[in-house]
Amino acid sequence: MKNNSINYSYEELLERAFSKLAGRRGSEEVFEMPRASVLIIGGKTIIQNFKDIARVLGRDEELLKRYFMKEFNAPGSINEAGQLELKGKYGSSAVNQLLERFIQKYVKCPTCGSVHTKLYKKGKIFILKCEACGAETTFQAF
Ligand SMILES: [Zn+2]
């Protein structure tokens, strides 16, 4: 039986294996969008997994808190359990819509869509720096 397969050198094989691996990883990168679990008690809205959301997104809790306070135009604070308490009643869908908007604007790179980004504040602007493609996007800070 004649062997028609191309003879790859070890280095070539290694390179092929790596490029395959990298390609697969790239296309399979799935970011699970965090969902806020919302509880309304009395006149307050509590985002129970606030701490986890901030951690998953790699964003400062203070920043995320200020974002929600600004968007709902409501006073808020982080309690001892690391939950965000906002004054007023806001449903789960309203909270999660705002969270999605936050991710789209302040987490996702608009150039390549990666969520591996860092957000810096410089004076009155935010700089969103993408660790995947290196793109920098600026917005007005809040
Ligand atoms: Zn990018």
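The largest nonpolar core of this predicted model holds 14 residues. Ala36, Ile47, Phe50, Ile53, Ala54, Leu84 and Val95 touch the most other members. Four elements each supply at least two residues of this core: helix H2 (50-57), helix H3 (61-72), strand E4 (84-87) and helix H4 (92-106). H2 gives the most, with 4 residues.

Leaving aside residues up to four places away in sequence, Ala36 touches Ile47, Asn49, Ile53, Val95, Asn96 and Leu99. Among these contacts, Ile47, Ile53 and Val95 are themselves listed with the members that touch the most others.

**Overall layout**

The protein has 4 helices and 7 strands. From the N terminus on, the order of elements is α-β-β-α-α-β-β-α-β-β-β. Of the 142 residues, 15% are buried. Among contacts with a separation of 6 or more, 35% link residues 24 or more positions apart.

**Helix H2**

Which residues of H2 are buried? They are Phe50, Ile53, Ala54 and Leu57. Seen down the axis of H2, these residues fall within an arc of 95 degrees, so they line one face of the helix. Their cover includes E2, H3, E3, E4 and H4. After H2 comes Gly58, with a positive phi near 70 degrees.

**The four-stranded sheet**

An open sheet of 4 strands runs in the order E1-E2-E4-E3, with antiparallel pairing. Strand E1 (38-41) and strand E3 (76-78) stand at the edges. Each has a single partner strand, so one side of each is left without a neighbour in the sheet. Neighbouring strands are turned by 20 degrees against each other on average, direction ignored. In general, strands of a sheet pair through backbone hydrogen bonds, either parallel or antiparallel.

| Strand pair | Sense | Bridges |
|---|---|---|
| E2 and E4 | antiparallel | 4 bridges |
| E3 and E4 | antiparallel | 3 bridges |

Leu84 links both pairings. In E4, Leu84 is the bridge partner of Ile47. Leu84 is also the bridge partner of Ile78. Further along E4, Leu86 stands opposite Gly76.

The side chains of E4 alternate. Leu84 and Leu86 point to one face and are buried.

The hairpin of E3 and E4 has 5 residues between the strands. Within this hairpin, Gly82 takes a positive phi near 80 degrees.

**Thr138 in strand E7**

Thr138 belongs to strand E7 (residues 136-140). Is Thr138 buried or exposed? Thr138 has 12 C-beta neighbours inside 10 Å, so it counts as exposed; the cut-off for exposed is 12 or fewer. Not counting residues up to four places away in sequence, Thr138 touches Ile125, Phe126 and Ile127. Tyr106 lies 32 residues from Thr138 along the chain, and their C-alpha atoms are separated by 9.7 Å.

Definitions and conventions
Residues are numbered from 1 along each chain as its sequence is written. A residue is buried if 20 or more other C-beta atoms lie within 10 Å of its own, exposed if 12 or fewer, and partly exposed in between; C-beta atoms are placed from the backbone. Two residues are in contact if their C-beta atoms, placed from the backbone, lie within 7 Å. A nonpolar core is a set of buried Ala, Val, Leu, Ile, Met, Phe, Trp, Tyr and Cys residues joined through C-beta atoms within 7 Å. Two strands pair if DSSP finds at least two bridges between them. Axes are lines fitted to C-alpha atoms, for helices over the stretch in contact, and angles run from 0 to 180 degrees between N-to-C directions. The arc is that of the directions from the helix axis to the C-beta atoms.
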